[in-house]
Amino acid sequence: MTSEATDVRKVGVDLQEATEDTRRVVEAIERDNEDATVSYLPGLVKIQAPGRLVVRRQTVEDLLGRPWETHEFQLAIVSYYGHIAEWDDDEIVIKWDH
Amino acid sequence: MANTKKLSMKQRYSALTRDLDWESSYVSEEELFPHTKFEGIKIHDWAKWEDPFRLTIDAYCKYQAEKDKRLYAVLDGFAQSQGHLTLSDARYLNAMKLFLQGVTPLEYQAHRHFGYLARHLNGPGPRFAALCQSIDELRHTQTEIHTLSNYNKYYGGLHSWSKMHDRVWYLSVPKSFFDDAISAGPFEFLIAIGFSFEYLLTNLLFVPFMSGASFNGDLPSMTFGFSAQSDESRHMTLGLEAIKFLLEQDEGNVPIVQGWIDKWFWRGYRVTALVAGMLDYMLPRKVMSWKEAFELYFEEQMLGGLFKDLEFYGITPPRHVEHAIAEKDLLSHQVYWTLYSFSFAAAFTTTVPEAGERAWLAEQYPDTFNTFYKPRWDKAQAIIDGGGRFFFQGLPQLCQTCQIPMVFTEPGDPTTLCQRHSVYRGERFDFCSDGCKWIFDREPEKYVQAWMPVHQIYQGNCGGPSVPEVLAWYGIQDGDNGEYTGSLDHLDWRRWHASEPAVASTTKES
Amino acid sequence: MQYELRQQVIEPRRKTFQHLIERYGDRGASRYEEGTIDVQATENFHYRPLWDPAHELYDQDYSALKLTDPYTFTDPRQYYYAPYVASRAELHESFGKTLGYLESRDLFDRLPDGWRTVLMQLMVPLRHYESGAQLVTVNGARFAYGTTVEQCLSYAAFDRIGNAQLLSRVGITAAGGTADALADAKRAWVDDGSLQGLRRLVEELLVERDWATGVVGFDLVDRMLYPLLYRYLDEAALLGGAGAYSLVAQHLTGWFADHRRWIDALIAAWVTDEQHGAANRSALGAIVTARLPQAIEAVTAVATAIDGAIDVGAIDAVRRQAQELTAALDATMNTEEMA
C-alpha cells in the first residue's frame, strides 16, 4: 500500500474490552485494516497498524445491525497514538502527519 | 440532528462553535485577551486551528450521560455487593490512596485552568475545546472521588485527600508540578498539560494504573479509569493539535515550544516516578513493569512515533530524555525504597516485597534488581525478622524543582547519589538531576518561591517540631501510615477473610 | 463460602471523608457533597501566577464579592457532573425533537412574517450574546473561590454555549439546513442598531477584571432579556399564531428557571454573609448602579425592534419588567436589614 516500507511507523488505538458493541467495533477495525494486530491487556484491547488505521461507520453498522454514529466511538476508546487526521460522519482515520 | 443532510459534520461543528465568535469593536482585542502576548508566542491566524474533534453540546451531553450511567451502575453494584472484599489484597489500595491524594487534585486543577484557556485564548476553536476539557476534568475529579468513596468507608488513608494534597511532603511533588503549569502563561500551560502531560505521559500514568486495578479486582477503578480515558483521548487530540498549531503559526515559536517540551517532559516524568513505584511494588498482582510500560508507551509510541512527526517542524526529542531512558531500570526501586523508608510520615503503608514479587522484580530487571536492590530488601527483611522495622530517622533533603527526596543516582552509576546545585541571589539550591537543575536555572525566580515541605517543617509551619505533631497537621490518622503488615487495614482484611462463621456472627452483633 | 462473606455485616470505619465529617458530622454524605465540598486547594501554593503576580493561584481577592466560607453556599440543584450532563442530555434531546417536529411540519416557513423577522433577526443573533455569556461565566469558573461557587459557574458556562448552539440550530433549521441564516444573524449582531446596546454591554462585561462584576452585570441583562424574549413573547406568539416561536422559547424559559435557582442562591449568600455581607451589598449596589440602566436601555432597543415587527407591547413589557427588577434588587439588598 505504501511505498516507503522501510520506515512505516505504527499507529494504534486502545479500546475498552467491556461491551458487546466494542467487540463488533474491534471486528470492524480488523476487517478494514488488514495489517492490524490485536492484543489484550486486562480490560483492554490494543490495536496497532503500520502507518494508518481507519474505523468505518458502514462496516461497524453492518456488524452491529443498527445505525452507528462515529461519535459513538467515544464510548469505546481509551487511548490512541498517532494523529486523528479525520473524524467525520463516515470514518475516523488515525495516522502520522509527517 | 435532522440537519446533517445539508451541513457536513465539520461545517455544522464549525457553525456551532467557532462561528459564534465575532470581532469586538467596543473594546480592543488587547483588552479582551490580555494574557496571550507576554510569552512571546506569535499567532497570525487563529482560524487555522483545526478542530481536533467535533462534538457539539447535544452529542457531548448524550454520550457523557451514557458513560456516567454505566459507571455509576458499576459503583453502586460494587458497593452493594461489598465488592471491596474481593480485591486481591487490602494492600492493593495503597496504590489508590496515592492516586486519590496525588492525582485527583490534579484533575481538579486541570478543570479550573482549562476554564482559564476557555476564556483567555483569542481563538474560538481552541476555547471551545478547552471548555469541554474543563468540564471533563471536573468529571474525572468527581468520578475518582465517588469511585474511592466506598473504600474510604472501610480503609485508611483516603479520608483527607484534599487537605493532604496541600500539606503532605510527597504530595508536593504532584502539587508543585501543576501549580507550576497553571502559574505559567496560557500557551505554556497548553504545552505543559495539553501536550506534554496529556499526550506524552498520560498513558504511562493511566493505562498501567487501570490495568492494575482490573488485575487486582478493583472493578470500579478500572471502569472509572477507562471511562475517563475515553475523554482523555479527546484531550490528547487537543494537545497534539495545540503543538502543531503553535509550530505552524510562526517559526519564532519553535524554540520557545522546544524549551517548554524540554522542561515539561522532565517535570512530568519526575511525577510519574511515583507511578513507577506503584506499578512495580504496590500492586499485589503485577500487570507490567515500569520498564515495560516506559518502553511501550514512551519509547515506542512517543519517541518512535510522535517525535518523528515533530521532526518536520524542527522539534527534537526532549532534553535529558537519555537520562530517563537510562533510569528505567532503576527508577521504581529507588522511589519505592524511599517511600518504604519514610512511610511513617505517609498516608499509605509499605511493606517488603514478598518472595514471589522479588522473583518477578529480578526477572523484569535482570541487570539491576539482584545486584543493587535485593540486598536492601534482604536487610529490611532481616530487621523485621528481628522484630523491628526500618524507617529512615530524620527528614530528607528535597530537590528544589521536583521536590522528590534526593534519592536518584548519577547517570551510569547506580551506587552514587546524584547531587546538583545552583546558587541564586547568594543562596544555594539543590537538585536531584541535571534535568531539574536545568529547569531551575532557566527560571530561578519562580522556583525559589516553592513551598518546600521539609523547610516548612523546620520553620515550624507544620503543626509543631515533633513527628506526631506534623502527622496530626497532615491529617494522618492512626493506621494510615507505616508498615502494612499488622496495620489496621491488614488486621481488618484478615478478620473479614477469616473463614469461620464466628467472625460473621460477632460483626453482626455490633 | 463466597455467599457467607457477602452476608457479613461490616461496620464501616467512617461514613464519609474527614472534611465532611468535620462540617456535618459522621453521616452518609451525598455524591454532590463528596464531589464538591472542600475540593479546591486553599493553602501552600507554590508559585505566583506570571499573569497576575499580585494574587495567589486561588484567591478570594479576585473579586470584591466574598464569602466567609464558600461552602456555606451550595447549589440548590445539587448538580455534580453526572446529574448535570444527564439533565442537559434530556434538554437537548427534547429540543432536538421540537426542532424535528417544526421542520417536518414546515412550521418555521409558516410563521407570520413579523414573527419570522423577530426569530431570525433578533432571537437567532442572540447566539452571540450566549457565546459572550459563556466567556464571562467561564472566567468566574476559573477565578471564583471554592468549588461550590465555581462548579455552578462552570455548568452555567457550558449551558450558555449550549444555548448558543440551540439558537444556531434554530437558524440552521429555519434556513432549510444551511448556514445562511447564521451569517445574517452575525451581521445583525455586529451591525443592527437594535442589538448594539446589548453587544456593547457584553463586550464591556467581558473585560471586567472582577469576575463577579462581569457575572452579576450579565445577570442583570439576562433578567431583562429572558423574560421578554422567551416568556412575554411566548405568550404573544400563542395569540399571534406563531407556534414555532413558542415551542422554541419554552426550552429557554425552562433553562432560565433552572439557572436562576443557583444564581439567586449565590446572591442571597453574598448579601447575608456574616463577615462580608455589608461589603458585598455595597459592591452589588455599585454593579446595579453601573449596569442596570444600561441593561434596561439595551433591552428596550430590542423591544422597540420587536414592536416594529409585530407590535405586541414589548416596550411596555420591558418598562414593567424594569420596575419589577428594580424592586426585587432593592429587596435583595435589604435582606440583611430585614432579617
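Predicted model: local features only at pLDDT ≥ 70, side-chain atom pairs only at ≥ 80, totals over all residues.

User: Is C:D38 buried or exposed?

Analyst: A residue is buried if 20 or more other C-beta atoms lie within 10 Å of its own, exposed if 12 or fewer, and partly exposed in between, with C-beta atoms placed from the backbone. C:D38 has 23 other C-beta atoms within 10 Å, so this residue counts as buried.

User: Where in chain C is C:D38, and what is its phi near?

Analyst: Helices (H or I, at least four residues) and strands (E, at least two) are DSSP runs, numbered from the N terminus. C:D38 is in the loop between α3 (31-34) and α4 (81-104) of chain C. Most residues other than glycine have a negative phi. For C:D38, though, phi is positive, near 60 degrees.

User: Which loop of chain B holds B:H320, and what is its phi near?

Analyst: Look between α12 (290-310) and α13 (321-327) of chain B, where B:H320 has its place in the loop. B:H320 counts as buried because it has 21 C-beta neighbours inside 10 Å. Its phi is positive in a residue other than glycine, near 70 degrees.

User: How many residues of domain 1 of chain C are in the contact with domain 2 of chain C?

Analyst: The bounds come from an automatic or database domain assignment, which gives domain 1 (12-41) and domain 2 (62-338) in chain C. Two residues are in contact if their C-beta atoms, placed from the backbone, lie within 7 Å. Domain 2 of chain C gives 7 residues to the contact, and domain 1 of chain C gives 9.

User: How far apart are the C-alpha centres of those two domains of chain C?

Analyst: Take domain 1 of chain C and domain 2 of chain C, and compare their C-alpha centres. They lie apart by 34 Å.

User: Which order do the elements of chain A run in?

Analyst: Chain A has 2 helices and 7 strands. Of its 98 residues, 43% count as buried. From the N terminus on, the order is β-α-β-β-β-α-β-β-β.

Methods
Residues numbered from 1 in each chain as written. Chains lettered and ligands numbered in written order.
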